[in-house]
Amino acid sequence: MLLAKNDFVIIDFEGEPGRTLAERRTKHWPLRDVASMLRSFEYARWTAVRRVAQGDEEAARLEPLAAAWALEAEGAFLGAYEQALRGAGLFAAFDEVRDLLELAGLEKALYELRYELGNRPGWV
C-alpha cells in the first residue's frame, strides 16, 4: 500500500507487466483485485503441485488436496471480504456482485493467458 497525493494506492508484488504503467496506476473497480487474489490462490495451487510432485502419478495424488486447499482459501477470503464490506453501501448482498466477480476473474485469466503465451508458453 502506498500513500500518494493524499490517497492510498494498493499494489501487489509482481504487478501486471503486460499493462502500461499508466494502466496500472489507474483506479479501477475493486472486484478486479478480488479476482486477482482468487487467481493467486489457483496459481499457488498449481505451483505447489508442480514443484512438489515427483511425476505424474504423484501430481494426480496431490492435486485433489491442492484443489481442496484452494477452495478453502477462496472461501475464507471471500467470506472475510464480504464481512468487511457489509454495510459499506457497495452492495446490498454480496451475491448481487458474484456475476461481476466472475467477469473480473475471466478478464484476469485471459490477461494471464496472453502473458504466459508470450513469456512461458510451456505453462499454457
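View 1. Asp95 counts as exposed, at 60% relative accessibility (exposed means over 50% relative accessible area, buried under 20% and partly exposed in between, with a 1.4 Å probe and protein chains only).

Before you move on, a word about the model: it is predicted, so local features need pLDDT of at least 70 and side-chain atom pairs count only at pLDDT 80 or more, while totals for chains, interfaces and linings use all residues. Residues are numbered from 1 along each chain as its sequence is written, and side-chain values use heavy atoms, leaving out hydrogens and water.

**View 2. The whole protein chain.** Along its principal axes, the C-alpha trace spans about 50 × 35 × 25 Å. Of the 124 residues in the protein chain, 24% are buried. The chain exposes about 9,300 Å², and carbon and sulfur atoms supply 59% of this area (areas come from the Shrake-Rupley method with a 1.4 Å probe; for residues, only the protein chains shown count as cover).

**View 3. The largest nonpolar core.** Here you can look for 14 residues, among which Leu31, Val34, Leu78, Tyr81, Phe94 and Leu101 touch the most other members (a nonpolar core is a set of buried Ala, Val, Leu, Ile, Met, Phe, Trp, Tyr and Cys residues joined through side-chain atoms within 4.5 Å). Helices H2 (30-52), H3 (56-85) and H4 (98-119) each supply at least two residues of this core. H2 gives the most, with five residues. Now zoom in on Leu78: leaving aside neighbours within four places in sequence, Leu78 is in contact with Val34, Leu38, Phe94, Arg98 and Leu101 (contact means heavy atoms within 4.5 Å).

**View 4. Arg39 and Glu112 between two helices.** Arg39 is partly exposed, with a relative accessible area of 27%. Arg39 and Glu112 form a salt bridge, their closest N and O atoms being 2.6 Å apart. Because Arg39 lies in helix H2 and Glu112 in helix H4, this pair ties together parts that are 73 residues apart in sequence. Another group to find is Glu42, Arg45 and Glu63, which are linked in a network of salt bridges.

**View 5. Glu116 and its surroundings.** Glu116 is found in helix H4 and is buried, with a relative accessible area of 13%. The side chain of Glu116 meets that of Arg120 in a salt bridge (2.7 Å, N to O). Arg120 itself is partly exposed, at 26% relative accessibility. Apart from neighbours within four places in sequence, Glu116 is in contact with Pro121, Trp123 and Val124.

**View 6. A nonpolar patch on the surface.** Trp29, Leu100, Leu103, Leu106, Leu110, Leu113, Leu117 and Val124 form this patch, which has about 740 Å² of accessible area together (patches are made of residues with over 30% relative accessible area and no salt bridge, joining like charges within 9 Å and nonpolar side chains of Val, Leu, Ile, Met, Phe, Trp or Tyr within 5 Å). To find Leu117, look in helix H4.

Key. Helix = DSSP H or I, 4+ residues; strand = E, 2+ residues; numbered from the N terminus. Salt bridge = Lys/Arg side-chain N within 4 Å of Asp/Glu carboxyl O.
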